[in-house]
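User: I'd like to go through this one with you piece by piece. Can you put it up?

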Amino acid sequence: MDIVKLLKDAKKDGVKIDLIEGELQIEATADKKHWLGKLRPHKQEILSHLIGEPTDGEIDEPVRQVDKYRPFPTSALPAQVEGYVSAASKAIGCDPSFVALPLLASLARAIGNKRVIRLKSTWCEPAIIWAAMIGKSGTHKTPAMQIAMKFLDKLQAKSISSHAEAMQQFDIDVVEHDRDFATWKKSKGRDLPPIKPELPVCNRYVTSDSTIEALAMLLHDQFDGLLVSRDELAGWLNGIAEYKGGSGSDLGHWLAMWSAAPLVVDRKTGAIKMIHIPRAAVSLVGGIQPGTLRKAIGQEHMQDGLCARLLLAMPPSKPVTWSDATVSTTAEKTITGLFDRLIDLEPGVSEQGEAEPTALDLTPEAKTLWVKYFNRHRSELVDLDDDLAAAWSKLEAYTARFALIFQLCDCPEEHSIDETSMQAAIELSDWFGVEAKRVYGMFSDDKEGQEQRELVGLIERKGGSVTPRDLMRSCRKFKTSSEAEKVLGDLVKAGVGNWVVVSSATNKRRQFTLLTALTVTNSPNSADLADSVSVNGVSRQEWEASL
């Protein structure tokens with residue numbers, strides 16, 4: 001069964017297929033119910049396709065790393081945030097970036113529309129973060145998101161509980177109002193009629209519903225924005241550019257929400273036909289598998305600017321061992337207090353009495369750093385290709401946004417951005433620039449290049465050296481040691497590594513060693529070897545002659 005074609009035909013016929021919090025959701029109108037019978041037998045294959053795992057008709061080819069991964073700069077984060085990120089990532093066994101990204105997005109949501117950073121009179125940046133954690137299954141993306149977002153989740157649970165109580169009181173007030181209104185009407189008095197009670201609004205912090213109409217309804221009732229959290233970003237990416245039966249795609253709306261631009265949504269049903277949001281501030285965070293990202297984002301989203309707006313982190317996979325480490329109660333209380341202070345910030349008020357962001361200006365020292373960074377960053381942009389140039393331009397905005405978030409984390413009551421916050425923001429932004437180059441490399445790789453990069457990554461995880469038999473046992477793709485030897489020979493021709501003759505007390509064997517890797521005697525596979533000799537370009541005939 002061609003799952004891709006099946007999904008395409010179903011969606012073309014108006015069936016809604018999405019992945020929400022790991023669960024497959026299929027919705028069809030009454031006249032399309034026959035699709036449920038066609039899709040349900042292939043539920044597992046559809047689920048695998050949406051989350052990026054290979055189905056029977058697909059090739060399992062993970063995305064290959066491009067350059068060596070640089071450790072995430074936790075030291076650039078505000079002190080209390082750095083402590084929590086380090087402790088949480090150690091407790092989970094994941095890369096610190098997988099905790100830092102959703103935590104930064106959550107902090108951005110806590111600030112929301114209440115503050116902006118003003119770089120000059122015509123350029124302000126909001127606290128909006130879009131982040132994607134890229135990793136295979138088992139890299140602990142989900143636990144990392146949960147431990148980073150637990151603070152907003154608790155605030156939302158409290159808000160929902162308070163709203164439920166308010167709704168109970170609202171029902172009582174409505175009964176009283178109706179009674180008082182009937183009395184007033186009968187009295188034919190000249191007094192004003194009793195005021196109708198207002199429907200309570202539930203302040204939302206996080207949602208997993210990424211449809212534009214749903215977001216617009218939530219944003220309509222609150223000023224300070226939203227955070228869209230998707231355990232798997234695949235569904236969001238696959239659906240964002242779909243044509244919505246005459247209303248176009250959601251892509252333009254999403255690109256606008258990255259900048260907190262105005263949003264207008266026309267509705268065909270409901271009491272409100274047009275929803276206008278003056279400042280649609282929406283942060284976004286989620287995980288995605290490498291192969292899924294490569295397929296979903298493709299060249300189209302490289303050109304339309306969607307990819308450029310995503311902060312990307314793709315740390316290498318590593319084995320996880322058991323740890324009794326946990327996050328201390330003190331660290332959790334510190335971050336809880338930080339979120340409470342950010343949530344309690346009040347927005348400014350316009351001359352018309354409407355809520356508006358309060359702008360934080362740069363101190364002279366911070367302005368000097370910003371100008372130096374801006375000029376350096378723009379000079380780097382000149383030599384980049386179009387795709388990376390787009391990402392580079394968005395990193396300027398992110399540098400300012402990081403500075404805003406860092407400053408408010410250090411002091412929520414602050415009214416300006418200081419030198420320390422700007423310097424830390426520049427350091428973090430530079431890291432994301434390097435990481436963007438790594439991840440973008442996988443979009444330009446051909447199939448052979450992808451395979452070689454994945455092979456190099458596997459050899460690195462095995463200590464930098466493998467024999468053909470080791471490789472055959474580690475990768476199911478190679479059925480014989482001869483097949484494994486051939487691909488290792490291709491790496492030698494590509495200048496990635498060399499053949500090495502390794503001698504033990506009983507025999508000699510030839511193995512491949514990466515040029516940048518540790519010597520074979522430091523490899524976990526070589527504890528029983530007496531010595532090793534590296535010989536550049538040792539051929540199989542030369543090796544056999546040495547036996």
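User: How many residues lie between S3 and S4 in their hairpin?

Analyst: Keeping in mind that this is a predicted model, S3 and S4 form a hairpin with two residues between them. Strand S3, residues 115-120, pairs with S4 in the antiparallel sense, and four bridges hold that pairing.

User: Which residue in S4 stands opposite Val 116, and which is the bridge partner of Ile 117?

Analyst: Val 116 stands opposite Pro 126 in S4, while Ile 117 has Glu 125 as its bridge partner in that strand.

User: What sheet do they sit in, and in what order do its strands run?

Analyst: They belong to an open sheet of four strands, ordered S4-S3-S14-S15, in which the pairing is mixed. Strand S4 (123-126) and strand S15 (416-417) are the edge strands, and each has a single partner strand, so one side of each is left without a neighbour in the sheet.

User: Now the five-stranded sheet: is its pairing parallel or antiparallel?

Analyst: The pairing there is parallel, and the five strands form an open sheet in the order S6-S7-S10-S5-S11. Strand S6 (206-207) and S11 stand at the edges with a single partner strand each, so one side of each lacks a neighbour in the sheet.

User: Which helix packs on that sheet, and which strands does it touch?

Analyst: That is helix H7, residues 212-220, which packs on the sheet and touches S6, S7 and S10, with its direction making about 145 degrees with that of S7. As for the strands themselves, S7 (residues 226-232) and S10 (residues 282-288) run parallel and are joined by six bridges, and Val 228 stands opposite Leu 284 in S10.

User: Switching to helices, how do H5 and H11 pack?

Analyst: Helix H5 (residues 96-111) and helix H11 (residues 329-343) pack at an angle of about 35 degrees, and their axes are 7 Å apart. From H5, the residues Leu 103, Ser 106, Leu 107, Ala 110 and Ile 111 meet Leu 338, Phe 339, Leu 342 and Ile 343 of H11.

User: How many of those contact residues are nonpolar, polar or charged?

Analyst: In the contact of H5 with H11, eight residues are nonpolar, one is polar and none is charged.

User: Last topic: how many aromatic pairs does the structure hold?

Analyst: It holds 19 aromatic pairs. In one of them, Trp 130 and Trp 236 have ring centres 6.0 Å apart and planes at 90 degrees, so that pair is edge-to-face.

User: Where in the chain are those two?

Analyst: Trp 130 is in strand S5 (residues 130-134) and Trp 236 is in helix H8 (residues 234-240), so to speak of this pair is to speak of a link between distant parts of the chain, 106 residues apart.

Notes:
Residues numbered from 1 in each chain as written. Predicted model: local features only at pLDDT ≥ 70, side-chain atom pairs only at ≥ 80, totals over all residues. Heavy atoms only, no water. Axes fitted to C-alpha atoms, helices over the stretch in contact; angles between N-to-C directions. Contact = heavy atoms within 4.5 Å. Nonpolar A, V, L, I, M, F, W, Y, C, P; charged D, E, K, R; others polar. Pairing = 2+ DSSP bridges. Phe/Tyr/Trp six-rings, centres within 6.5 Å; stacked < 30°, edge-to-face > 60°.
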